Amino acid sequence: MSAVDLTASAANAFVDQLVAEGLADAVVAPGSRSAPLALAFARHGAVRVHVVLDERSAAFVALGIATASGRAAAVVCTSGTAAVNFHPAVVEAHHARVPLVVCTADRPPELQGVGAPQTIDQRRLYGGALRWFADPGAPDAAADLDRWREVAQGAWRAAHGRPPGPAHVNLPWREPLVPAEGQVLAVPRRPPTPPAPPPVVVESIVDSTTTVVREHPRGVLVLGFGAAVDAGVVDAFTAATGWPVLADPVGNGRVGPAAISTYEALARSETVAAAHRPDAVLRIGAPLTSTATGAWLARAAHHVLVDTDGVWIDPDRRATARVLAEPDALLGAIADRFGDLAPDPDRVAWRDSWRAAERVARAALDAALDADAAPLEARVARDVAGALPDGSTLLVASSLPVRALEWSMRPREGLRVLANRGANGIDGFTSTVIGAALASAGSPTVALVGDLCFLHDTNGLLGASARGVDAVFVVVDNDGGGIFAMLPPAREPEFEDLFATPHGLDLVAVARAHGAHAQRVDRAPDVVAALTRAIEAGGVHVLVVPVDRAASVERHRALWDAVAARL
């Protein structure tokens, strides 16, 4: 028998076990030291391989695929600073609980610490942002090749555990890096890892949470980023309890008759806020994006946080109870405990008062938004979210776009809203959208993004059209950091240079230079028609919608005044 090609055999075993576990996508940033793994992915036959030139962009594409599909993608790079560029996406995956298998090639031990090129210390490179780390060393014996299947299985299990997140495998390959004349061994597969079960909702937890709900008819259910609760279960809970639902669009719970979409405007009205101040808050997912609503809810006496993974997001330290439970099971059990009891008059009055406030505020908000044809962030967000066909995916960027969507989006079904809200940064957003589009082929993928966020990651557009990606970017261009104009730094004399940072660029030309179709849309009433045409045409499109940054601040303030006057 000829000599065994240990490197190729190990790489093949590692990749094949990932496929056995459920891997379908690998994002590869080109490089030499990662050749064994890149070739193993490309030649497997059951993996979709996406080649992305920029390592930072590649990691966010993998993040987008995993966010949209719910299962880990692998991301592969060569050694050295290439691996460092994965770090922002690893941090986002950690905080957003997105499964990711991070594969960094490395020099073997004999080339460490001796000045070999493209060699840095890659062990524990991502610090505490990992669920798991392994460095199996360079393969050195045919008898040990099953170890690479074990490593692949460990990475997958950790990435999809409780909580899910990134797993890092550092792989020091020795040359030859491409299959030589030696025999490539087929190592038997290990049985795939079963999925991590959700926590069991025990009776004592149901009892204690139901007691809070029973004792406080004036309560609200809050669904923030990461909530992922079934709409039917929410409807049953709200019908039984009379509690309204305050759902951030990124929590995907702004549906049904109990959904209050105008809570930002209501919280800004002192009279309405006082009349609708809840006594209890049951929150699933992260806090709402709205600062005004957060301050309003903070006055409630009871704050119950529910989390599947036991990750307690409580920056204001308001929680009076922490409940480790699967949210659907808990809400359904509470609804069952209420059973067929006669409607409580206090709960009926509470429910009806919220719905009345929502009707008035919604009409006033929409009327104010439609009164001017000049684009405004809140109107663009409302119109884009409302116009997308059922089954669409809308990705919304951090900073002003996510707030504009929260302020203005009407309740609706059939739309999935995704965002990089784990670390709440603007880094890698364009690439995340491309990844989500790759995982959502066959249904529209649209992004709502600000100009600085778009410019921060234009590399994400490179090669996307050639890969058959269908995605539309609606870029709200206020020539700088529009969110800062609404914050205290706007009062400082250095505001324009240090915070607003106007770029003065033609974003249509920038998008076209990166291979995308692009156009400028100057009137708010024309945004939906342009969006519809772009979706129907297919490919990568960028719609640049200019907004007057200074006027935007005053126009948004006028929105809240108009709603308050009607209320």
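Mentor: Buried means a relative accessible area under 20%. Keep that cut-off in mind. The model is predicted.

Trainee: Why is Cys77 called buried?

Mentor: Its relative accessible area is 0%. The limit is under 20%, so Cys77 counts as buried.

Trainee: Why does Cys453 get the label buried?

Mentor: Cys453 has a relative accessible area of 4%. That value is also under 20%, therefore the label is buried.

Trainee: What makes you say that Cys77 is in no disulfide?

Mentor: Start with the whole structure: the search finds zero disulfides. For Cys77, the nearest cysteine sulfur belongs to Cys103 and is 9.0 Å away. A disulfide needs two cysteine sulfur atoms within 2.5 Å, so Cys77 has no partner.

Trainee: Now the charges. How many salt bridges does the whole structure have?

Mentor: The search finds 30. Side chains of opposite charge can pair when their charged atoms come close.

Trainee: Why is Asp16 with Arg149 called a salt bridge?

Mentor: The closest N and O atoms are 2.8 Å apart. The cut-off is within 4 Å, so the pair qualifies. Asp16 sits in helix α1 (residues 6-21) and Arg149 in helix α6 (residues 146-159), 133 residues apart. Both Asp16 and Arg149 are buried.

Trainee: Why does Asp457 with Arg56 count as a salt bridge?

Mentor: Their closest N and O atoms are 3.6 Å apart. That is within 4 Å, so the name holds. Arg56 is in helix α3 (residues 55-69) and Asp457 in the loop between α17 (451-456) and β15 (471-477), so the pair ties together parts 401 residues apart in sequence. Arg56 and Asp457 are buried.

Trainee: What makes Asp366 and Arg410 a salt bridge?

Mentor: The closest N and O atoms are 3.2 Å apart. Again the value is within 4 Å, so this is a salt bridge. Asp366 lies in helix α13 (residues 345-370), and Arg410 in the loop between α15 (400-408) and β13 (415-418). The pair ties together parts that are 44 residues apart in sequence.

Trainee: Why does Asp366 count as buried, and what does Arg410 count as?

Mentor: Asp366 has 11% relative accessibility. That is under 20%, so Asp366 is buried. Arg410 has 36%. Exposed needs over 50%, so Arg410 falls in between and is partly exposed. Salt bridges with shared partners join Arg362, Asp366, Asp370, Arg379, Arg382, Asp383 and Arg410 into one network.

Trainee: Why does Asp106 have no salt bridge?

Mentor: The nearest side chain of opposite charge is Arg123, 6.5 Å away. The pair must be within 4 Å, so Asp106 has no salt bridge.

Trainee: What polar contact does the side chain of Asp106 make?

Mentor: Its partner is the side chain of Gln112, at 3.1 Å. The limit is within 3.5 Å, so that distance passes. Beyond four places in sequence, the contacts of Asp106 include Arg33, Ser79, Asn170 and Trp173.

Trainee: Which residues touch the most other members of the largest nonpolar core?

Mentor: Val384, Leu394, Phe473, Val474 and Val542, out of 87 residues. Helix α3 gives the largest share, nine residues. Leu394 touches Val384, Leu405, Val417 and Val446, among others beyond four places in sequence. Another core, of 37 residues, lies apart, with Val47, Val101, Trp156 and Ala167 among them.

Methods:
Residues numbered from 1 in each chain as written. Predicted model: local features only at pLDDT ≥ 70, side-chain atom pairs only at ≥ 80, totals over all residues. Heavy atoms only, no water. Buried < 20%, exposed > 50% of the residue type's maximum accessible area, 1.4 Å probe, protein only. Lys, Arg positive; Asp, Glu negative; His and termini not counted. Polar contact = N/O pair within 3.5 Å; in protein donor to acceptor, adjacent residues only side chain to side chain. Contact = heavy atoms within 4.5 Å. Helix = DSSP H or I, 4+ residues; strand = E, 2+ residues; numbered from the N terminus. Core = buried A, V, L, I, M, F, W, Y, C linked by side-chain atoms within 4.5 Å.
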